[in-house]
Amino acid sequence: MGRTLQNTMINLGLQNACDEAIYQLGLDMEELEEIEEDAGLGNGGLGRLAACFLDSMATLGLAAYGYGIRYEYGIFNQKIRDGWQVEEADDWLRHGNPWEKARPEYMLPVHFYGHVEHAATGAKWVDTQVVLALPYDTPVPGYLNNTVNTMRLWSARAPNDFNLRDFNVGDYIQAVLDRNLAENISRVLYPNDNFFEGKELRLKQEYFVVAATLQDIIRRFKASKFGSTDSVRTVFDSFPDQVAIQLNDTHPAMAIPELMRILVDIEKLPWNKAWDITKRTFAYTNHTVLPEALERWPVDLVEKLLPRHLQIIYEINQRHLDHIAFLFPNDVDRLQRMSLIEEGGTKRINMAHLCIVGSHAVNGVAKIHSEIVKTQVFQDFAALEPEKFQNKTNGITPRRWLLLCNPGLAELIAEKIGEDYVRDLSQLTKLHECVDDDLFIREVAKVKQENKVKFALYLEKEYKVKINPSSMFDVHVKRIHEYKRQLMNCLHIITMYNRIRRDPVKLFVPRTVIIGGKAAPGYHMAKMIIKLINAVAQVVNNDPLVGSKLKVIFLENYRVSLAEKVIPATDLSEQISTAGTEASGTGNMKFMLNGALTIGTMDGANVEMAEEAGEENLFIFGMRMEDVTELDREGYDAQKYYDQLPELKEAIDQIKSGFFSPEEPDLFNDVVNMLFHHDRFKVFADYEAYVRCQEKVSKLYLNSKAWTKMVIRNIAAAGKFSSDRTIKEYARDIWHVEPSNLKIPPPNEPRDAAEQSTPNGTAA
């Protein structure tokens with residue numbers, strides 16, 4: 001979520017008033033804003049996407065709730081010591097959190113372990129351990145519409161009789177100390193991005209958020225006029241018409257068997273009725289196609305922790321497979337591929353399969369990604385129910401990612417086309433008329449320059465590095481992962497360095513290359529990549545032959561509040577994943593909206609950015625998805641590229657020989673060995689095209705006016721990538737609710753005739 005203060009002032013229309021009031025108190029608003037901790041309760045794009053979605057849902061007047069876990073410790077703080085990443089705990093609640101309100105009156109029990117008893121009345125899950133879920137509510141204000149939604153985050157609490165009711169003869173002290181075991185559930189965020197780690201505590205977290213949330217939703221449904229009671233029993237027929245639940249990846253997949261458990265075991269609905277309600281309630285968004293990221297929980301772990309849920313999953317699977325066998329008799333291969341249970345070695349539950357079978361809609365997050373989902377990853381399921389599969393291209397909120405972080409550019413745009421674009425970003429197309437306006441061109445360039453100077457000052461203050469604000473700011477910020485190919489950027493840096501040293505008097509377009517991002521603590525290769533970048537920076541930044549022509553900076557502790565500083569100052573945005581690996585990306589959109597040009601592959605949303613702006617207005621290079629498939633077919637041979645490309649050979653030889661690590665010449669052996677022998681992401685195959693494309697970038701940067709005109713064309717084409725547009729598509733195609741532009745009356749005005757302005761419909 002990042003910081004809340006400035007976003008709240010903007011959405012409430014109070015920023016100028018607050019700035020003025022704080023100034024009159026002799027304080028500086030920016031200084032005050034810097035005191036607030038980031039709420040870092042997610043890992044990468046998936047968590048930030050949820051934050052943008054909450055802003056858009058409130059702005060569109062949807063009755064929507066965001067549910068999650070109130071981690072005591074969020075994503076770790078990253079320190080760089082001697083070039084290595086070191087993790088520190090993110091104690092973000094140390095000074096309290098003024099934006100949250102604890103709601104103990106809505107506390108709910110969540111059950112674990114135990115066993116199942118079968119009786120004539122149905123199944124009973126008994127002898128469980130109970131953990132309490134305590135909700136904390138944070139307000140989510142819409143933009144200037146007097147709507148405030150709720151983000152509800154659950155914190156784990158031990159019940160007061162925890163460990164004191166059974167077998168515990170006399171060890172009162174130990175029993176109280178053991179409360180920590182229950183409360184550990186919400187202690188810390190698992191810091192993996194695009195990687196599955198099958199740990200028991202993680203499964204507990206996933207079920208904890210799901211069980212508490214579903215009880216909360218059902219309580220609210222029963223209290224509403226729709227949950228009309230038929231003497232004793234609630235009628236659930238209208239449930240899917242009143243409630244839509246969107247599964248953000250498979251992490252909340254246990255919601256599907258949990259809702260079935262509630263409807264069948266507790267509410268006593270027949271299975272088929274319960275299953276119909278469940279399917280119509282849930283929809284599933286897939287966020288990655290990397291096999292190592294797909295959740296596959298061991299059956300014996302689920303059996304121990306959630307025995308009833310395993311039985312329900314088996315029953316769902318049996319009926320699912322019966323249906324497949326009926327449609328495709330004697331096709332055992334297909335049954336095996338489509339089963340929710342993977343046999344062989346340890347039996348596992350494929351959570352993506354569970355989500356597809358238990359949802360009425362499945363979507364990818366960019367056109368190319370949704371195609372891969374349909375034709376490759378889940379092709380058997382798409383063949384069965386093609387109408388279930390959709391695309392919903394991701395977006396970003398223009399409130400945080402333009403108004404808040406780049407007020408200079410936001411104001412410049414408003415002067416040209418009015419202020420309405422903030423709620424309807426498609427209006428940015430009007431800027432196409434300004435592409436030849438010399439004054440506007442100069443103003444856009446001036447705002448960028450001011451942002452660069454400001455960021456350069458920040459870097460000097462925080463990192464004691466002096467950088468040249470007239471150099472090209474070439475920025476690569478995102479989680480460190482092999483598929484994102486920070487290594488390819490690193491090879492380009494080494495190539496530029498070698499070119500400068502070979503011919504120090506030749507004209508070279510000065511660059512400041514900024515790379516930032518966190519590596520999962522257990523991801524060895526990602527940590528080596530950070531060390532390599534820092535080792536290269538050490539050499540480059542201290543070579544007198546290079547001077548101010550080339551500087552390399554690794555941005556420590558990349559997070560939302562730092563993104564808000566670096567993105568508006570960026571000239572060149574690096575989006576260079578291997579085609580077919582980045583589901584969408586959203587950083588790419590933030591840079592586009594903030595006046596950076598993109599160098600990138602035809603991957604994720606880059607494809608649609610090129611479609612909107614025209615491919616000639618992005619620097620597109622490298623293999624397309626078909627080329628990658630073809631290369632896989634014939635076998636990728638890294639050695640071939642090394643032998644044929646002298647500058648690549650030179651760079652690799654320097655890394656290998658210890659040129660960048662003289663005290664430890666074989667420090668980067670693992671990296672080099674990976675690049676030659678098991679590089680799934682084919683860095684060498686795109687190296688030549690990348691370097692050539694970077695030469696085109698430098699050439700254009702020399703012509704400031706031509707560069708800025710291309711920037712304006714990009715901003716004018718960025719309108720599609722508002723999360724408002726994304727949410728409107730979810731609302732209409734999946735949730736079946738209508739967004740509303742109505743500004744409800746503020747709380748200080750009487751609400752007599754205002755009742756009809758509350759739009760009827762689903763709560764998402």
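The lining of the second largest pocket draws its largest share, seven residues, from α21. Helices like this one are DSSP runs of H or I with at least four residues, strands are runs of E with at least two, and both are numbered from the N terminus. This is a predicted model, so local features need pLDDT of at least 70 and side-chain atom pairs count only at pLDDT 80 or more, while totals for chains, interfaces and linings use all residues. Residues are numbered from 1 along each chain as its sequence is written, and side-chain values use heavy atoms, with hydrogens and water left out.

Back to that pocket. A pocket is an open set of points on a 1 Å grid over the protein atoms alone, with protein on both sides within 12 Å along at least five of seven lines; a cavity is a set of points where a 1.4 Å probe fits but cannot get out, and lining residues have an atom within 4 Å of a point. Grid points are joined across faces, edges and corners, and a volume is the space filled by probe spheres set on the points. Sorted by class, you get 15 nonpolar, six polar and seven charged residues. Here Ala, Val, Leu, Ile, Met, Phe, Trp, Tyr, Cys and Pro count as nonpolar, Asp, Glu, Lys and Arg as charged, and the others, Gly among them, as polar.

Strand β21 is also where you'll find L555. L555 has a relative accessible area of 0%, so it is buried. Buried means under 20% relative accessible area, exposed over 50%, and partly exposed in between (1.4 Å probe, protein chains only). What does L555 touch, not counting residues up to four places away in sequence? Its partners include F455, L459, Y463, V477 and V566. Contact here means heavy atoms within 4.5 Å. G395, on the other hand, is 160 residues from L555 along the chain, and their C-alpha atoms are separated by 25 Å.

The structure holds two cavities of 30 Å³ or more. The largest has a volume of about 70 Å³, and its lining includes K478, K484, I576, D603 and N606. That lining has one nonpolar, six polar and four charged residues. The second largest cavity has a volume of about 40 Å³. Its lining is made of E482, R485, Q486, L487, I529, M674, D679 and V683, which divide into four nonpolar, one polar and three charged.

An unreviewed UniProt entry lists K590 for "modified residue: N6-(pyridoxal phosphate)lysine"; UniProt positions are given in the numbering used here, feature names are shortened, and annotations may be inferred rather than shown by experiment. K590 lies in helix α23 (residues 587-593) and is buried, with a relative accessible area of 7%. Leaving aside its neighbours within four places in sequence, K590 is in contact with R48, I396, W401 and I567.

Is R3 buried or exposed? At 12% relative accessibility, R3 counts as buried. Not counting residues up to four places away in sequence, R3 touches E33, E34, E36, E37, D38, R400, S561 and K565. One of these, E36, is 33 residues from R3 in sequence and 6.4 Å away in space, C-alpha to C-alpha.

What about the cysteines? The structure holds zero disulfides, a disulfide being a pair of cysteine sulfur atoms within 2.5 Å. For C405, the nearest cysteine sulfur is that of C52, 11 Å away. The sulfur of C693 is 19 Å from the closest cysteine sulfur, in C490, so it is too far for a bond. C405 is buried at 10% relative accessibility, and C693 is buried with a relative accessible area of 4%.

Last, check two backbone angles. K682, in the loop between α28 (669-677) and α29 (683-702), has a positive phi of about 55° although it is not a glycine. H736, in the segment after α31 (723-735), is also a residue other than glycine with a positive phi, near 55°. K682 is buried, with a relative accessible area of 4%, whereas H736 counts as exposed at 59%.
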